[in-house]
Amino acid sequence: MKKTVLSGLILSPFRWLRKIRGFRLVYTPLLAIVLFTVVMGIILGTLHLQEKNQQEAALFRELSFAKQRIQARFVSNLDAFTTINREVAASEDKVKLRQIAREQAEDIVLNNHEIVRIIWLNDKNQREWIAPAESEKTDWISKSQNDQPIHASLLSAIELSRVTSRAAFSQFISLEIPVDEPISADRKIVFWQVVPNIVGGEIIGFLAALYTTQGILEVIPGELKSHYRFTLLTDNERVLGISSDKNTPKRAFSNQTSLDIGVLSPNINLRIDTYPPPTNLTFRMLIGVVLGLSAFVVWSLWSVLKQMQVRQEAEASLRTETSFRNAMENSTPVGIRAHDMQKRITYVNRAFCEMTGWSSEELMGLTPPFPFWPDSRRDELVEKMNRALRADISGNMKVGIEGVILKRDGSLIQTRTFIAPLINEKGKQTGWVTSLIDISEPKKIREELAASQERFTTVLESLDAAVSVVSPETNALLFANRFYRERFGDDSKGHFQLAGIDTGNTTMREIAEDLEDSPPGIPTSFLYQESESEEVQLSDDSNKWFEVRRRFIPWVDGHLAQLLIATDITTRKEADDLALQQQERMQFTSRLTTMGEMASSLAHELNQPLSAISNYCMGVAKRLDGNLDPALSKEILPALEKASEQAHRAGTIIQRIRGFVKRSEPQRKASCITDIINDAVGLVEIEAHRHRLSIHSEIADNLPVVDLDPVLILQVVVNLLKNALDSVREAYPLSSRWSAPPVRISADLDTSIFPAMLRIQVTDAGGGIPENVLERMFEPFFSTKSDGMGMGLNICRSIIESHHGRLWATNVQDSEQTKLAGCTFTILLPLESPQSEANV
């Protein structure tokens, strides 16, 4: 007992010494971390204060620079305005005065974003000119109904300038501009600067410039505005302009100064704000680093306590892994050997010894060339090994390196070698590990298959037809030759296009399933039965024609597949189509020639009877003049004169159409379109009344005189009016025509295009025109009437186009947009003929 107590007292100092040593090892780093954190906090606080002072100094410097830029711009503008006034006062030529002054003012407005308008006023406050010139698009003041406040502010500034005889400014004006206007943000607040033009002590006029407060900020360089936000303020903190709508952080720096833009200018303050807050990234990073290092030290101290336990577990796992690796290497048929950095063999497994016939003791320590390499290929194998070891190992591991091994009994085996680097626990390469696989039999079989495949592919690739094989179950392309790939790509879409089968349709799949499930009694030859050849045109942009033959065949995997052979017959089809088009074109030309000859013959034959009718009517009128009762003469003589006039007009129309068929130019002369339309309405109105219909004309006032052929244009208008009456007559039966809307003809100027053109529109309330007829109605010999020749609208369009105009038709929908409620024919004629433009 005494010995035990004595031994405890002797050992206790050593135990306490170990505890004190452990306490010091644990808490000394913690104390050092705390002291380091306090010192770094003091240093970072000092740096933060110094950085804040530097940022405030830089902010004041940038604000002073922006202030100088704005004030310099106003001084420059005042000098430019004074120069313009000086030139206006010195010039005696008023035309030259306006031109020079206005050009200089427009240059100032163009080059200064803060100025949007410059006005020159005489001594009576009357505007002489405005730069830039006013238009409907640029007159945003009157458009926004702000003309009155702007004008009143301008007059007050002029009065102040007149009293003081120096440049004066107006108060700030807030405009009411719609939000959708693109200039609403830039021109929301404006003010005037008025510079008097004083000659000999008297004011002869004023030059007024309209400034935008937002435009003043454009004087500040964009580089400054990208780092700071500038704001124009009044004394009562009213915001006049701001360089950016982006909000500044709460801890952002700001500074403010007053702007002196002139002697009589309103008070303006310029404020600058920083976008980012004063950065303390360095301070935070150092604090984070200190805290991270402290936590890392604590964790390291705690991890030391378990280090021995983890090490023991790792050693046990290593022993288990070593045993497993040895068992795996001895059981695998793959030969494995290891080399050091001098390419010396350091390890071989049992499979490699069986593969070469050499024992592990005989192979250990050997260097290239090895005895299991054939003598004839040793140099080649040495070069392959050196090249593989120098190259990227990861790339060679996927495919390996083919080689050959000479067994001890003299036989050769083909091998494939895979190489991987051998890395030690320090991450340093200490050698290589190679694995060898015997590929003698697979290589022989592969060479035979490759030769057979090459012969088969050569035959199919040389065909001038598309050959493709598709699986009906998966719609996958199993095979395609060169001709198919060049024209349809590497997918099965071209196959289904040629076969006329939709990939989403199950027809082909159902056929394949029926054939696979067929009873044994069905002959095998049915699978190879070809379908009848058919001609197929592709629906893509190429519009190619192919002659297609297809059948089902068993594929190499035992499943059914569809074989398709397509021959390109596009050239043959194009030749057939070209011959057909040539034949139709010859028939069309023959009909047009016959039509021209008929028109010429009719013009010649009808001319003499019409002349005789006109002469007879005029002769009867002269004979009856003075020999009849005056009351009866007022009824008969005007009718005879009109009959003679219409006969003469008919002859003129025939002559003009005969000349038009011969492709002669229209006989243009200055004509009033109102007279032409009234004559056309008068000619057609008799027929309209006969069918209980009416015509309503709407002709704009003061239409210009147009240079055209009145006879041909009259014939076009008459033809369109007759077609409109026929359309209404077909839509409304005779019993309900009293409610039919009138046929409307209108004439005005189409100013939506430049240059403006004369527009004539004929609108009816008939059944409209079908879309298929609307596309072909102007073609020769096309007509929907049983007794029509199909030349009326074609001649009308030709007459309009000979006048360098346009003629087209559009359908009119009803109020519910559900059905057609009529049609409108539109004529556009140029106001000046090409001959008159050439003369000008």
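## Exercises on aromatic rings

One aromatic cluster is formed by Phe74, Phe169, Phe172, Phe191 and Tyr211. The model is predicted, with pLDDT of at least 70 needed for local features and 80 or more for side-chain atom pairs, while totals for chains, interfaces and linings use all residues. Residues are numbered from 1 along each chain as its sequence is written, and side-chain values use heavy atoms, without hydrogens or water.

**Exercise 1.** Classify the pair of phenylalanine 191 and tyrosine 211.

*Solution.* Start with the rule: rings of Phe, Tyr and Trp (its six-membered ring) pair if their centres lie within 6.5 Å; planes under 30 degrees apart are stacked, over 60 edge-to-face, and the rest tilted. The structure holds 11 aromatic pairs. In this one, the centres are 5.4 Å apart with 10° between the planes, and the pair is stacked. Next, find the partners: phenylalanine 191 is in strand 5 (residues 189-199) and tyrosine 211 in strand 6 (residues 202-212), 20 residues apart. Strands (E, at least two residues) and helices (H or I, at least four) are DSSP runs, numbered from the N terminus.

**Exercise 2.** Is phenylalanine 191 buried or exposed?

*Solution.* Buried means under 20% relative accessible area, exposed over 50%, and partly exposed in between (1.4 Å probe, protein chains only). Phenylalanine 191 has 0%, so it is buried.

**Exercise 3.** Classify the pair of phenylalanine 352 and phenylalanine 372.

*Solution.* The ring centres are 5.5 Å apart and the planes stand at 85°, so the pair is edge-to-face. Phenylalanine 352 belongs to helix 9 (residues 350-356), and phenylalanine 372 to the loop between helix 10 (360-363) and helix 11 (378-390). Both phenylalanine 352 and phenylalanine 372 are buried.
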